[in-house]
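Reader: I would like to go through this structure with you. Could we begin with the strands and then turn to the aromatic rings and the backbone?

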Amino acid sequence: MSIPSLIRSYVATAVVAACTIVKFTDASATSKVGPAAANTDPLWGIADAQGGDSGDTVDVILDGLADVKLGGTVQAGDPLTSDANAAA
């Protein structure tokens with residue numbers, strides 16, 4: 001269950017799937033996000049349950065609890081980062 005406490009809208013520079021990890025796609029344009037693609041990416045937040053197409057506005061959960069798509073097996077307490085598909 002998602003219990004967000006801070007949500008901001010950003011322009012998607014690529015298709016952002018629902019409940020996936022996003023990053024800024026241009027450090028000088030902090031209004032644009034896209035899917036995170038590596039565990040070394042500077043992660044910004046979690047896309048909400050709607051996601052969005054390229055050029056659309058995407059709501060990103062920045063604080064609170066967010067549902068996130070998992071890319072593998074996770075145990076309670078495991079640290080999370082992004083895989084190549086923006087899943088944790």
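**Strand pairing, rings and backbone**

Author: Valine 22, in this predicted model, stands opposite glycine 45 in E4.

Reader: How many bridges join E2 to strand E4?

Author: There are 3 bridges between E2 and strand E4, residues 43-47, and the two strands run antiparallel.

Reader: And which residue stands opposite lysine 23?

Author: Glycine 34 in E3 stands opposite lysine 23. E2 pairs with strand E3, residues 32-35, in the antiparallel sense, over 3 bridges.

Reader: Turning to the rings: how many aromatic pairs does a search of the whole structure find?

Author: The search finds 2 aromatic pairs. One of them is formed by tyrosine 10 and phenylalanine 24; it is edge-to-face, with 5.9 Å centre to centre and 75 degrees between the planes. This pair links distant parts of the chain, since tyrosine 10 is in strand E1 and phenylalanine 24 in strand E2, 14 residues apart.

Reader: Is tyrosine 10 buried or exposed?

Author: Tyrosine 10 is buried, because its relative accessible area is 2%, under the 20% limit. Phenylalanine 24 has a relative accessible area of 24% and is therefore partly exposed.

Reader: What about the rings of phenylalanine 24 and tryptophan 44?

Author: Their centres are 4.7 Å apart and their planes lie at 35 degrees, so the pair is tilted. Phenylalanine 24 lies in strand E2 and tryptophan 44 in strand E4, so this pair ties together parts 20 residues apart in sequence. Tryptophan 44 is partly exposed, with a relative accessible area of 36%.

Reader: Which residues form the aromatic cluster?

Author: One aromatic cluster is formed by Tyr10, Phe24 and Trp44.

Reader: Now the backbone. What is the phi of cysteine 19?

Author: Cysteine 19 has a positive phi of about 60 degrees, although it is not a glycine. Most residues other than glycine have a negative phi.

Reader: Where is cysteine 19 found?

Author: Cysteine 19 is in the loop between strand E1 (3-12) and strand E2 (21-24). Its relative accessibility is 17%, so cysteine 19 counts as buried.

Reader: And what is the phi of alanine 86?

Author: Alanine 86, a residue other than glycine, has a positive phi near 70 degrees. It is found in the segment after strand E5 (57-65).

Reader: Why does alanine 86 count as buried?

Author: Alanine 86 counts as buried because its relative accessibility is 1%, and buried means under 20%.

Methods. Residues numbered from 1 in each chain as written. Predicted model: local features only at pLDDT ≥ 70, side-chain atom pairs only at ≥ 80, totals over all residues. Heavy atoms only, no water. Helix = DSSP H or I, 4+ residues; strand = E, 2+ residues; numbered from the N terminus. Buried < 20%, exposed > 50% of the residue type's maximum accessible area, 1.4 Å probe, protein only. Pairing = 2+ DSSP bridges. Phe/Tyr/Trp six-rings, centres within 6.5 Å; stacked < 30°, edge-to-face > 60°.
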